[in-house]
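Work through the exercises below with the sequence and the model open. Try each task before reading its solution.

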Amino acid sequence: MSVAAPADGAIDYWCNRFFPEQADVWNAALEATGIAVKVRTDDTDSFCDADTMVARMDELGIAAVILPVAHRPAHPEATDFELVAAQPDDLDRLAKDHPGRFFGQWSVDPRIGMAGVEEAAAMLERPWCVGLHTHTHSFDRRFDHADYYPYYALCAAHDVPFVMQAGTSGGLMPSECGVPVSIDRPALYFPDVRFVLSHTGWPWVTECIAMALKFPNVYLGTSVYPPRHWSAELVAFMNGAGRRKCLWGTGFPTVGHRHGLGQLGEVELGDEAQANLLGGTARRVFTRLG
């Protein structure tokens, strides 16, 4: 088992690979898509080495970050999500050098059948692996597609969550696969699996809230949307019925840790809601954090 995350402090449930060489990867991807997505370029909130990231986390009160993890494709395109995800060797090293501060969620490819399921099962044996994940729009499969069900069963068997991007795609890919309501059948079929609908489900935020309200095992994550972009409806949910159903994430480098936490004062969250958003709910969802 890995060293547990610190008991206090924020948990970022989705932070992409943050090493300095990633700047070129992101610049190439953004140029290829032609979409105006901002990434953090401030030296105090952008790409850095692991020691610098830990120092930044300590300064900002962040206990741990969870990174999507995947293998690099043999012949990648500039926009492949696997290029911005961490690699297994990264997490082996991060977990060894900085125990309890960095964890991974294995990012599955639903196209490759049982080979993918077996690989995900093997990754869940790694001490740093705290869940499964998918970059939904890379595969154009709704959450209720049959290809995902073996992975959900794996989550149920290992008592880990499944995190998925909900809402529109961030690149030139079909968005319909990310409609939040397509978690409806999986949430019924797998009542013990904790599903995290990430990216607020935008532009279907109301639908995402409806799923989190309906199901005790469905949660909403804020990755890539800083507080300034949260709707009044979402903030009301965080303060009310959803005060134990929302997780804070950055989607770094789309949102920097300093950037995201710095805007929290611009939304009116109660003490309980903010404590749960920043770490309490993540610790209940990602039980392997310890």
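**Exercise 1.** Find the link between the side chains of Arg93 and Asp90, and say where both residues lie.

Solution. The side chains of Arg93 and Asp90 form a salt bridge, with N to O at 3.3 Å. A salt bridge here is a side-chain nitrogen of Lys or Arg within 4 Å of a carboxyl oxygen of Asp or Glu. This is a predicted model: local features need pLDDT of at least 70, side-chain atom pairs count only at pLDDT 80 or more, and totals for chains, interfaces and linings use all residues. Residues are numbered from 1 along each chain as its sequence is written, and side-chain values use heavy atoms, with hydrogens and water left out.

Helices (H or I, at least four residues) and strands (E, at least two) are DSSP runs, numbered from the N terminus.

Then check exposure. Buried means under 20% relative accessible area, exposed over 50%, and partly exposed in between (1.4 Å probe, protein chains only). Asp90 is buried at 4%. Arg93 is partly exposed at 40%.

Last, widen the view. Arg17, Glu21, Asp90 and Arg93 are linked in a network of salt bridges. The whole structure holds 14 salt bridges.

**Exercise 2.** Which parts does the salt bridge between Asp184 and Lys214 tie together?

Solution. Start with the distance: the closest N and O atoms are 2.7 Å apart. Asp184 lies in helix α6 (residues 184-189) and Lys214 in helix α7 (residues 205-214), so the pair joins parts 30 residues apart in sequence. Asp184 counts as buried, at 18% relative accessibility. Lys214 is partly exposed, at 48%.

**Exercise 3.** Locate Glu266 and Arg228, which form a salt bridge.

Solution. The closest N and O atoms of this pair are 2.6 Å apart. Glu266 lies in the loop between α9 (257-262) and α10 (271-285), and Arg228 in the loop between β7 (218-221) and α8 (232-239), so the bridge ties together parts 38 residues apart in sequence. Glu266 is partly exposed, at 46%. Arg228 is exposed, at 54%.
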